[in-house]
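Here is my note on the chain you sent. Please read it with the model open.

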Amino acid sequence: QVQLVESGGGLVQPGGSLRLSCAASGTIYSINTMGWYRQAPGKQRELVAVISSSGSTNYADSVKDRFTISRDNAKNTVYLQMNSLKPEDTAVYYCNADIRKFMFPNRPVTIWGQGTPVTVSS
C-alpha cells in the first residue's frame with residue numbers, strides 16, 4: 001500500500017500565508033517528480049508547481065514569485081509554501097508523485113493525495 005497524505009489547508013485572509021505538506025508512505029523504491037495541483041469549483045485541475053528528485057522546480061505563471069515548492073527526500077515529503085495569497089487561489093490542492101515500487105521497479109506509476117481545501121477570503 002502506497003499513499004500520499006496532504007495537510008496544512010484551511011481558511012486564510014488575502015495577503016496571508018499557508019504551508020502545505022504531503023508525505024508519501026509505503027514500500028517505495030524511488031520517487032521521481034513530485035508536484036502540487038489545484039482545482040477550483042467549475043474549473044479543470046491545473047498544475048501549480050513541480051519539483052524533480054534533484055530539486056529543479058517549475059511553477060505556473062499565476063503563482064510564480066509567490067509560492068515555493070520544496071522536498072525532503074529522507075522523509076519522502078513535498079511542501080508548498082504559499083505567500084501573498086489571493087482569493088483566486090481558492091481551490092482544493094492535490095499532491096502528486098511519480099514513483100517506483102520495490103516489487104515493480106521498472107514500472108513507474110502516478111499516485112495522488114486526497115486533496116486539502118484552501119480558502120482565501122476576508
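How many helices and how many strands does the protein chain have? My points follow.

1. This is a predicted model. The protein chain has zero helices and 11 strands. Read along the sequence, the pattern is β-β-β-β-β-β-β-β-β-β-β.

2. Overall dimensions come next. The radius of gyration is 14 Å, which agrees with the value near 14 Å that a compact globule of 122 residues would have. Along the principal axes, the C-alpha atoms fill a box of roughly 50 × 25 × 25 Å.

3. On contacts, take those between residues at least 6 apart in sequence: 55% of them join residues at least 24 apart.

4. Of the 122 residues, 39% are buried. The accessible surface of the protein chain is about 6800 Å². Carbon and sulfur atoms account for 47% of that surface.

5. The largest nonpolar core has 31 residues. Those touching the most other members are W36, V48, F67, V78, L80, M82 and Y93. Seen by element, two or more core residues come from each of strand 3 (18–25), strand 4 (28–39), strand 5 (46–51), strand 7 (67–72), strand 8 (77–82), strand 9 (91–101) and strand 11 (116–120). Strand 9 gives the most to this core, with five residues.

6. Last, charge. The protein chain carries 12 positive and 8 negative charges. Their mean positions lie 7 Å apart.

Notes. Residues are numbered from 1 along each chain as its sequence is written. This is a predicted model: local features need pLDDT of at least 70, side-chain atom pairs count only at pLDDT 80 or more; totals for chains, interfaces and linings use all residues. Side-chain values use heavy atoms; hydrogens and water are left out. Helices (H or I, at least four residues) and strands (E, at least two) are DSSP runs, numbered from the N terminus. The radius of gyration is taken over C-alpha atoms; the globule rule is 2.2 Å times the number of residues to the power 0.38. Buried means under 20% relative accessible area, exposed over 50%, partly exposed in between (1.4 Å probe, protein chains only). Contact means heavy atoms within 4.5 Å. Accessible areas come from the Shrake-Rupley method with a 1.4 Å probe; for residues, only the protein chains shown count as cover. Lys and Arg count as positive and Asp and Glu as negative; His and the chain ends are not counted. The place of a charge is taken as NZ of Lys, CZ of Arg, CG of Asp or CD of Glu. A nonpolar core is a set of buried Ala, Val, Leu, Ile, Met, Phe, Trp, Tyr and Cys residues joined through side-chain atoms within 4.5 Å.
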